[in-house]
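Please read the points below with the sequence and the model open beside you. They are meant for a reader who comes to this structure without earlier notes.

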Amino acid sequence: MAGTTTTAATSLPPGPRMPKLAADVAALTRLGPFMRRCQRRYGDLVSVRLHGFGTIVAVGDPALVKRVFTASPTTLHSGEGSPLGPILGSNSLLVIDRDHHLRQRKLLLPPFHGERMKAYEELIERITREEVARWPEGEPFPVAPTTMRITLRAILQAVFGASGEQLRRLEELMPPFTALGSALTPFPQLHRDLGRWSPWGRFKRMRAEVDAVCDTLIAQARRDPGLAGRADVLSLLVQATHEDGSPMSDAEIRDQLMTMLAAGHETTAAQLAWAVERLRREPAALARLVAEVDEGGRAWRDATIREVQRVRPVIQFSSRLVKEPFELGGYLLPPGVRLVLPAALTHHDARFFPDPGRFDPQRFLDRKPDTYAWIPFGGGVRRCIGAAFAHMEMDVVLRTVLETWELLPAGPDERPERMRFRGVAYAPSKGGVAVVRRRPPRGRAAASARPTAVAAG
Ligand code: HEM
């Protein structure tokens, strides 16, 4: 039915009859609790009218989530209407749809295949060791600045293939560039160059500087005689070809590098900060994790990462724009409706995760999460292409931290941190405060006995 021409009347699921402004405030400030309240009252499909977005329909049942994620990319769009185009570039995977999206995605997927992720483990371990070596012992500090530096350097080296002067330059340029880009994204009316001191003027100059470094990296890769032996994502994109045999253009590669940085840097850093924030409040899970690290295992760590993503998803929802009448749960949704799939609904639903309020990695131990109930990486043809990379990175960073430092449990006066939007992702409001004690070398003995991690998303 979806996507077919139909004469049947379109219809919308029920939802709260509240002023749009009140709905905006509820959705922007407390999306999870607001959506859960609506779901209890109206069911697994709820319509909410918002300013700017028009009508959204929130989806809270995995069977319906599956229908959305597996619908034709002609019927449901994801890139259209995104304010990211002017920021990331017109080829960005995040802003394109249909054939253009499928063609670019096909070129970007192979470098992120799970099996390839092993190539990056040593690099990420080295970056983490350098970064956490400076942690202060015995006094509280936020881990987010460290996790932001780790994930930035990891992407610049593993994805951009940067080293030496280019790495140094990008590490200097990227933090202010991404901060300004995030601040400007929600305000398209500011996307006008009114001179060098205007926000957009500054952003355009910064983007030109970043582009110049990327162009150097692309040019170096194109003439690198050792290209075939390189592991970074850029080196694979330079060798990738479209179906007609033509190579990716410099502009295409640049836009996708920007996209991977925007989508993969702050998200992974925030998720790691949440891991620290949660584990300090779950001493039993933490103790088991440390024991497993010392024994050289990894199953509990895998399960813990997934449980952290269940209880604190840093991207709160995936969304799709209905382009053709779309049948869902007995309703025929009209074009223009935006479907929203909040992780806060399925992740906290006792039908799919018994006792959902409890932090319990056991639920994922040696068991893959359900594709349509556990959705921190979205799904279908728009599922996060960096999921395996992010999982591997979180795995290696957590292991390396726990080999070096004892993470002290939170005291009774340390309240759970709130979710705070940082421009791309929801991070802990205080940056994931930690108190650490250096571990005696005994605890690190297992490092040599460690099995290699098989990246999983
Ligand atoms: C914990 C870390 C991460 C989380 C929680 C996350 C989450 C997501 C989500 C929810 C989406 C939208 C999926 C949908 O609409 O169905 C997405 C898309 C995307 N992510 Fe990630 N992501 C993470 C890390 C990364 C990394 C490390 C990279 C790359 C290096 C990356 C690259 C992308 C790209 C390119 C897309 C667009 C895919 C498309 O539209 O086809 N992400 N991510």
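This is a predicted model: local features need pLDDT of at least 70, side-chain atom pairs count only at pLDDT 80 or more; totals for chains, interfaces and linings use all residues.

1. Residues are numbered from 1 along each chain as its sequence is written, and side-chain values use heavy atoms, with hydrogens and water left out.

2. Three cavities of 30 Å³ or more are counted. A cavity here is a set of points, on a 1 Å grid over the protein atoms alone, where a 1.4 Å probe fits but cannot get out, and its lining residues have an atom within 4 Å of a point; the volume is the space filled by probe spheres set on the points, which are joined across faces, edges and corners.

3. The largest cavity has a volume of about 100 Å³. Of its 15 lining residues, Pro73, Leu76, Arg320, Val381 and Arg382 are the closest to the centre. Two or more lining residues come from each of α3 (62-69), β3 (76-77) and α5 (98-108), where helices (H or I, at least four residues) and strands (E, at least two) are DSSP runs numbered from the N terminus. The lining has six nonpolar, five polar and four charged residues, with Ala, Val, Leu, Ile, Met, Phe, Trp, Tyr, Cys and Pro counted as nonpolar, Asp, Glu, Lys and Arg as charged, and the others, Gly among them, as polar.

4. The second largest cavity holds about 80 Å³ of space, and its lining includes Trp135, Ile150, Leu272 and Val401. Here α7 (144-158), α11 (250-279) and α15 (387-404) each give two or more residues, and the lining has nine nonpolar, two polar and no charged residues.

5. In α15, 18 of 18 residues are buried, that is, under 20% relative accessible area, with exposed meaning over 50% and partly exposed in between (1.4 Å probe, protein chains only). The end C-alpha atoms of α15 are 26 Å apart, which agrees with the 26 Å that its 18 residues should span at 1.5 Å a residue, the expected span being 1.5 Å times one less than the number of residues.

6. Helix α13 (residues 299-311) reaches 19 Å from its first C-alpha to its last, close to the 18 Å expected. In α13, 12 of 13 residues are buried, and these pack against α11, α12 (283-295) and α15.

7. The residues His101, Gln104, Arg105, Leu107 and Leu108 of α5 are buried. They cover an arc of only 160 degrees around the axis, which puts them on the same side of α5; the arc is that of the directions from the helix axis to the C-beta atoms. The face turned away from this buried side carries the exposed residues Asp99 and Lys106.

8. Asn91 is found in the loop between α4 (85-88) and α5 and counts as buried at 14% relative accessibility. Leaving aside neighbours within four places in sequence, Asn91 is in contact (heavy atoms within 4.5 Å) with residues including His100, Gln104 and Asp255.

9. Most residues other than glycine have a negative phi. Arg98, however, has a positive phi of about 50 degrees; this residue lies in α5 and is partly exposed, with a relative accessible area of 36%. Asp366 has a positive phi of about 55 degrees, lies in the loop between α14 (343-346) and α15, and is exposed at 70%.

Terms used:
On a 1 Å grid over the protein atoms alone, a cavity is a set of points where a 1.4 Å probe fits but cannot get out, and a pocket is an open set with protein on both sides within 12 Å along at least five of seven lines; lining residues have an atom within 4 Å of a point.
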